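Welcome, and thanks for taking a look at this one with us.

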Amino acid sequence: MDTKELLKKVRKIEIKTRRLSNNVFGGEYHSTFKGRGMTFSEVRSYQFGDDVRSIDWNVTARYNEPFVKVFEEERELTMMLVVDISGSEFFGTSLQSKKEIITEIAATLAFSATQNNDKIGLLLFSDQMELFIPPKKGRSHVLRIIRELLEFEPKGKSTNLVEALKYVSSVMKKKAIIFVLSDFMDDGYQQTLKILSGKHDVTGIRIYDEREEEIPNLGLVQMLDAETGEMMMVNTGAKSVRTSYAKYFREREVYFKESFNKSGAGTINTRVDEGYVKKLLGYFKRRG
């Protein structure tokens with residue numbers, strides 16, 4: 001992808017996702033993820049309707065008229081986007097691939113965090129740690145994250161969620177909001193997730209394609225295994241092939257739900273062709 005094309009894509013995603021985060025998610029994000037509490041800001045003259053418990057009696061006595069303390073929410077939150085860029089994310093039978101939807105969701109979350117003056121960091125992973133961008137504030141930082149999501153070429157093809165979750169746990173010392181975006185076609189990560197969720201506010205966003213749920217009967221088809229790069233002939237006409245394919249998908253889905261529920265972490269399931277806006281909004285509202 002040349003620079004001009006990349007900038008055009010970044011701009012297109014910024015326009016779409018920024019509008020969403022400004023108009024839809026900004027307020028929901030703010031009320032869902034609260035800051036560390038309230039911090040004293042200033043005193044001002046008492047106005048009718050103010051809570052009498054907030055009266056500053058020292059200042060009131062000094063000026064012989066009532067003054068109240070004003071507090072502000074102390075936010076300073078950090079969001080980490082943990083994004084799977086293994087081979088299977090490039091799969092897509094709809095208008096968009098899983099990777100494109102993941103990029104849009106990540107950008108929407110990042111702009112929502114920026115709107116609330118929070119820091120945003122990024123970890124890209126496959127079967128290895130591909131890229132870590134430490135959390136920072138600001139629009140230019142979010143645009144850098146979007147650029148990496150769009151054009152980063154992973155070295156690994158398969159998925160290792162355990163190592164990704166361990167890595168985040170080791171680099172994030174203070175409590176953070178962590179979104180893990182993946183198709184979660186992996187297992188064995190439940191214990192590591194439990195440890196991470198004990199320290200941080202974790203949400204798993206599972207993105208999948210309708211053709212992963214059920215393979216259609218197309219006869220003998222040449223297929224590419226995106227995580228191994230191997231081409232193989234698959235007889236989709238055989239019921240046993242379609243059944244084992246569907247079983248594998250369901251097992252990964254059940255493991256994802258069970259692991260996150262047992263860890264006290266949140267989950268969002270969205271199919272590529274479904275539209276993620278309602279799913280995200282519903283999740284924020286339920287938690288808010």
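Searching the whole structure turns up 1 cavity of 30 Å³ or more. Please keep in mind that this is a predicted model.

**The cavity and its lining**

- Rolling a probe the size of a water molecule over the atoms shows where empty space is left.
- Which residues line the largest cavity? They are Val 83, Asp 84, Ile 85, Lys 99, Ile 102, Thr 103 and Leu 149.
- Strand S3 (78-84) and helix H3 (98-115) each bring at least two residues to the lining of the largest cavity.
- H3 contributes the most to that lining, with 3 residues.
- Sorted by class, the lining of the largest cavity comprises 4 nonpolar, 1 polar and 2 charged residues.

- Strand S7 (residues 201-208) is mostly covered, with 8 of its 8 residues buried.
- Asp 201, Thr 203, Ile 205 and Ile 207 point one way from S7, while Val 202, Gly 204, Arg 206 and Tyr 208 point the other way, and all are buried.
- Strand S6 (residues 177-182) pairs with S7 in the parallel sense over 6 bridges.
- Within that part of the fold, Leu 181 has Ile 205 of S7 as its bridge partner.
- S6, helix H6 (residues 190-199) and S7 together form a right-handed β-α-β unit.
- S7 also pairs with strand S10 (residues 266-271), again in the parallel sense and over 6 bridges.
- Here Thr 203 finds its bridge partner in S10, namely Gly 266.

- Asp 118 sits in the loop between H3 and strand S4 (119-125).
- Is Asp 118 buried or exposed? Asp 118 counts as buried because its relative accessibility is 0%.
- The side chain of Asp 118 reaches the backbone nitrogen of Leu 77 at 3.4 Å.
- Leu 77 belongs to the loop between strand S2 (67-74) and S3.
- Leu 77 has a relative accessible area of 12%, so this residue is buried.
- Leu 77 and Asn 116 are 39 residues apart in sequence, and their C-alpha atoms are 8.8 Å apart in space.

**Phe 33**

- Phe 33 is placed in the loop between helix H1 (3-32) and strand S1 (37-45).
- With 2% relative accessibility, Phe 33 counts as buried.
- A separation of 7.9 Å lies between the C-alpha atoms of Phe 33 and Ile 177, which are 144 residues apart along the chain.

- Most residues other than glycine have a negative phi.
- Asn 64 has a phi near 60°, a positive value in a residue other than glycine.
- Asn 64 is found in the loop between helix H2 (57-63) and S2, and at 72% relative accessibility Asn 64 counts as exposed.
- Asn 117 likewise has a positive phi near 60°.
- Asn 117 has its place in the loop between H3 and S4.

Terms used:
Residues are numbered from 1 along each chain as its sequence is written. This is a predicted model: local features need pLDDT of at least 70, side-chain atom pairs count only at pLDDT 80 or more; totals for chains, interfaces and linings use all residues. Side-chain values use heavy atoms; hydrogens and water are left out. On a 1 Å grid over the protein atoms alone, a cavity is a set of points where a 1.4 Å probe fits but cannot get out, and a pocket is an open set with protein on both sides within 12 Å along at least five of seven lines; lining residues have an atom within 4 Å of a point. Grid points are joined across faces, edges and corners, and a volume is the space filled by probe spheres set on the points. Helices (H or I, at least four residues) and strands (E, at least two) are DSSP runs, numbered from the N terminus. Ala, Val, Leu, Ile, Met, Phe, Trp, Tyr, Cys and Pro count as nonpolar, Asp, Glu, Lys and Arg as charged, and the others, Gly among them, as polar. Buried means under 20% relative accessible area, exposed over 50%, partly exposed in between (1.4 Å probe, protein chains only). Two strands pair if DSSP finds at least two bridges between them. A crossover is right-handed if, with the strands pointing away from the viewer, the path from the first strand over the helix to the second runs clockwise. A polar contact is a pair of N or O atoms within 3.5 Å; within protein, one must be able to donate a hydrogen and the other to accept it, and residues adjacent in sequence count only if both atoms are side-chain atoms.
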